[in-house]
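Subject: A structure for you to look through

Dear colleague,

Please find the structure below, together with its sequence. I would be glad if you kept it open while reading the notes that follow.

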Amino acid sequence: MKQDPTRHGRPGRRPSRRAVLSGVAGAVTAGAVGLYAVDRASGGGPDDAVPQHESGSPSAVPSGGYRFERVTSPDRTVVRDASGNLLATFTDGARTALLSGPQRTFSEPRTTDAVVHSTAWVRLMSTEWSRGRENTSWFHSWFPATLADRSPDVLMTAFEYGDGAPSKYKNGLRYAGDANFGPRVPGESEDSFHSRDEKSDFYDYLGIPWTFPDGTHVTPEKERLGDVDCSGFMRLLWGYRMGYPMHDTNDPGTGLPRRAYAIAKYAPGLVLIPDTNSRPADISMLQPGDLVFFAINIGKPITVDHCGMYLGIDNEGHPRFYSSRSQANGPTMGDKAGVARLDGTGFYAAGLRVARRL
């Protein structure tokens, strides 16, 4: 069952913002965060060794050098080893790097039979990629180390907030663990599309005040502790955990704005699928880690009001996404109140409108 946010508990003393940020960053760097929903080839529990290589998965660091190719739609640089195996993809104008690594299996047995077997590891670079960056001294040192890195990536970190995820603490702050969507809405049934209230941002989940770079100061609502809505979840994942810039408006600004429609319209990075007020005919350009946006508000089919992250192709051959959803009461890859697929004619597939690569 989902945890009641009132049971998450507050630390005995409130840590400073500096302590919180340094502590969580340290946990990510050291690979200290568990993999509660990721099956490993080793078959171990949630907090033991990092994933081992499965048969057929690419080695972390090739011995025969790299080959670089330029590809279009979108413009990007792909990296292959001496045998032609794909090692990485870097997209012009985006900070996300798609790397190949040991296979992992993402699942959520309570809400879906689908699983995603993936060799994709998604990392965030310090700056946007541009043609020729592979010739820089930065790349020569960064790429081999990052290709071999088995600390939690974006995909693994996202599942630290999913169904049944154990709580993680650093410097007294609960920074990860099973997240809820928002408080119950009086008068709405549990199965209602509007059963839980939106407006829970990353700082509500954390229960700490936050000051944005423009000086805007926000205070969490106590009743939203442990809660995060769809866009708040993307800000929690990409902003708070990965370090992507954020601001607190729905207007253009530095980094991620607050709501789904504003992220779709104004966030940095590359628009892969522009908004035409209809479902896109082609989604083949998507890769794990891409943000996907939906118009699913009943009665307002052209208004983007939901967002999530593309995971990859599931075991039944369908493109599956991950998002914080009201009826699932938090982050999910499952099929409660609508299958989490991007193809077909289902609720979310029909509502797909935009895709962006950060």
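**The sheet and its helix**

Six strands, in the order β11-β16-β12-β13-β14-β15, form an open sheet with antiparallel pairing, where a strand is a DSSP run of E with at least two residues and helices are runs of H or I with at least four, both numbered from the N terminus, and where two strands pair if DSSP finds at least two bridges between them. At the edges are β11 (270-273) and β15 (330-332), each of which pairs on one side only. Neighbouring strands of this sheet are turned by 30° against each other on average, direction ignored, the axes being lines fitted to C-alpha atoms (for helices over the stretch in contact, meaning heavy atoms within 4.5 Å) and the angles running from 0 to 180 degrees between N-to-C directions.

This is a predicted model, in which local features need pLDDT of at least 70 and side-chain atom pairs count only at pLDDT 80 or more, while totals for chains, interfaces and linings use all residues. Residues are numbered from 1 along each chain as its sequence is written, and side-chain values use heavy atoms, with hydrogens and water left out.

Helix α5 (residues 230-241) lies across β12 (291-294), β13 (306-313), β14 (319-325) and β15, and runs at about 60° to β13.

Cys 230 is buried (under 20% relative accessible area, with exposed over 50% and partly exposed in between, for a 1.4 Å probe and protein chains only) at 3%, and Cys 307 is buried at 0%.

**A hairpin and a buried arginine**

Strands β7 (residues 168-170) and β8 (residues 173-176) pair in the antiparallel sense over 3 bridges, and they form a hairpin with 2 residues between them, where Asn 171 in the turn has a positive phi of about 50°. Arg 174 is found in β8 and is buried, at 5% relative accessibility. Its side chain makes a polar contact (a pair of N or O atoms within 3.5 Å; within protein, one must be able to donate a hydrogen and the other to accept it, and residues adjacent in sequence count only if both atoms are side-chain atoms) with the side chain of Ser 167, at 2.9 Å, while a polar contact of 3.1 Å joins the side chains of Arg 174 and Tyr 205.
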